[in-house]
Amino acid sequence: MKTRITELLGIRYPLVQAGMSWASSHAALPLAVSKAGGLGVIAAGPMYPDALREAIREVKAGTDAPFAVNVPLYNKNSATYLDILEAEGVKVIIASQGGPKAHLKRFHDRGVKWLHVVTSPEHAAKAAEAGVDGLVVVGAEAGGHPPAHEVGILVVLRAVVKAVHLPIIAGGGVADGYGIAALLALGADAVQLGTRFLMTPEANVHASYKTAVQQAGLADTAMVGKASLPIRMLRNAFATEYEAAYKSGKPVEELNALFGTRTLKDAALDGNVEWGKTEAGQSAGLIDDIVPAAELVERLMRELKAAQQDLNGKLA
Ligand SMILES: Cc1cc2nc3c(=O)[nH]c(=O)nc-3n(C[C@H](O)[C@H](O)[C@H](O)COP(=O)(O)O)c2cc1C
């Protein structure tokens, strides 16, 4: 398998375990995925700087395969995170929410590949102009922070592919190899899966979180926080409370205050899946098992081959 992303990053498969706060804010999940031939991603977002340094060292000690660190640039620790990444010699950075320009020269001088998360062709063109090495594009199906415009990956990806000529990792709504085949067909060079990798023993979330995702149906997620930057999460008691407040036309400040009363940590660490921000994508409705990450990588690649053969059969 050879795409612009496998070539750029030196990975065996065009497959990325999406950075997920808490779930991949440690070494175990990224290490397992990178060892298996995909790109494992440590999500720095909620980590103490020392914990991030330790996790990077653990992944490096466990494999020579490439891995990445996801850094949300708005995070109050982002400058410290970037210093750690430089000191530890991390080769791939996936940055989200914030401009890349100020950091690129520093990391390019050290041979680091900088990928940037974007949600529109305009945003993609800006990142390309700044000089990033590749893009991560997600659609409204995605868990975590989908685009506020609520356009699905089928449309967003085509728009970005037409707007820029950079290598692209696409995601949102993908739970199996058939979804991977679909996004590769649309022009992606690799595909990232978040919620699917959340459902592995290695993912660092409470058992109740995984059970809730396992039980979720196709329509059991909601975009919550529409007054500012929305998240996609399971439709639980908190989502229902927020939606009711939003629909009743409460002022933005009040809605934002309500949004801030709960966290992803409540669900991920404490297992409060009813009142926490239990982030998950629409793909939750397609997932009904918990599978070791390495086994999942192999299964996804078998399904991708099967999808390719099905398509060849249909189009022959
Ligand atoms: C629990 C959870 C936490 C997430 N945390 C982050 C994060 O810290 N940084 C980020 O850029 N994206 C984050 N995301 C988004 C993922 O990187 C990815 O874009 C998304 O999961 C893809 O959609 P899928 O879940 O349908 O596969 C998170 C997603 C989930 C489900």
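The model is predicted. The chain is divided into domain 1 (4–204 + 287–315) and domain 2 (207–283). Both domains give residues to the shell around the ligand, so the ligand lies between them. The protein covers much of the ligand's own surface, as set out below, and threonine 195 and asparagine 70 are among the residues that come nearest to the ligand.

**Ligand shell**

- The shell around the ligand holds 20 residues, and those that come nearest are Gly19, Ser21, Asn70, Gly194 and Thr195.
- Sorted by class, the shell has 13 polar residues, six nonpolar residues and one charged residue.
- A polar side-chain atom of threonine 195 sits 2.5 Å from an oxygen atom of the ligand.
- For serine 96, an N or O atom in the side chain is 3.4 Å from an oxygen atom of the ligand.
- Glycine 143 uses its backbone instead: an N or O atom there lies 3.4 Å from an oxygen atom of the ligand.
- On its own the ligand has 600 Å² of accessible area, and the protein covers 93% of this.

**Domain arrangement**

- The C-alpha centres of domain 1 and domain 2 are 23 Å apart.
- In the contact between the domains, 27 residues of domain 1 meet 19 residues of domain 2.
- The ligand lies between domain 1 (4–204 + 287–315) and domain 2 (207–283), because each of them gives residues to its shell.

**Threonine 195**

- Threonine 195 belongs to helix H9, which spans residues 195–198.
- Its relative accessible area is 7%, which is under the 20% limit, so threonine 195 counts as buried.
- Beyond neighbours within four places in sequence, threonine 195 is in contact with Met20, Val213, Ala280, Gly281, Ser283, Ala284 and Ile287.

**Asparagine 70**

- Asparagine 70 is part of strand E3, residues 67–72.
- With a relative accessible area of 12%, asparagine 70 is buried.
- The side chains of asparagine 70 and serine 96 are joined by a polar contact of 3.5 Å, and serine 96 also has a side-chain N or O atom 3.4 Å from a ligand oxygen atom.
- Leaving aside residues within four places in sequence, asparagine 70 is in contact with Gly19, Val41, Ile42, Ala43, Ala44, Gly45, Ile94 and Ser96.

**Valine 16**

- Valine 16 is in strand E1, residues 15–17, and has a relative accessibility of 0%, so it counts as buried.
- Not counting residues up to four places away in sequence, valine 16 touches Leu39, Val41, Ile169, Ala190, Val191, Gln192, Leu193 and Phe197.
- Leucine 296 is 280 residues from valine 16 in sequence, and the two C-alpha atoms are 12 Å apart.

**Threonine 6**

- Threonine 6 lies in helix H1, residues 4–9, and is buried at a relative accessible area of 5%.
- The side chain of threonine 6 reaches the backbone nitrogen of threonine 3 at 2.8 Å.
- Threonine 6 and proline 167 are separated by 161 residues in sequence and by 9.6 Å between C-alpha atoms.

**Positive phi angles**

- Most residues other than glycine have a negative phi.
- Tryptophan 22 has a positive phi, near 70°.
- Tryptophan 22 is in the loop between E1 and helix H2 (28–35) and is buried, with a relative accessible area of 18%.
- Glutamine 97 also has a positive phi, near 50°.
- The loop between strand E4 (92–96) and helix H5 (101–108) contains glutamine 97, which is partly exposed at 28% relative accessibility.

**Aspartate 270**

- Aspartate 270 is in the loop between helix H13 (264–268) and helix H14 (293–315).
- Other than neighbours within four places in sequence, aspartate 270 is in contact with His206 and Lys265.
- Valine 205 is 65 residues from aspartate 270 along the chain, with 8.7 Å between their C-alpha atoms.

Terms used: Residues are numbered from 1 along each chain as its sequence is written. This is a predicted model: local features need pLDDT of at least 70, side-chain atom pairs count only at pLDDT 80 or more; totals for chains, interfaces and linings use all residues. Side-chain values use heavy atoms; hydrogens and water are left out. A residue is near a molecule or strand if one of its heavy atoms lies within 4 Å of it. A polar contact is a pair of N or O atoms within 3.5 Å; within protein, one must be able to donate a hydrogen and the other to accept it, and residues adjacent in sequence count only if both atoms are side-chain atoms. Accessible areas come from the Shrake-Rupley method with a 1.4 Å probe; for residues, only the protein chains shown count as cover. Ala, Val, Leu, Ile, Met, Phe, Trp, Tyr, Cys and Pro count as nonpolar, Asp, Glu, Lys and Arg as charged, and the others, Gly among them, as polar. Domain bounds come from an automatic or database domain assignment. Helices (H or I, at least four residues) and strands (E, at least two) are DSSP runs, numbered from the N terminus. Buried means under 20% relative accessible area, exposed over 50%, partly exposed in between (1.4 Å probe, protein chains only). Contact means heavy atoms within 4.5 Å.
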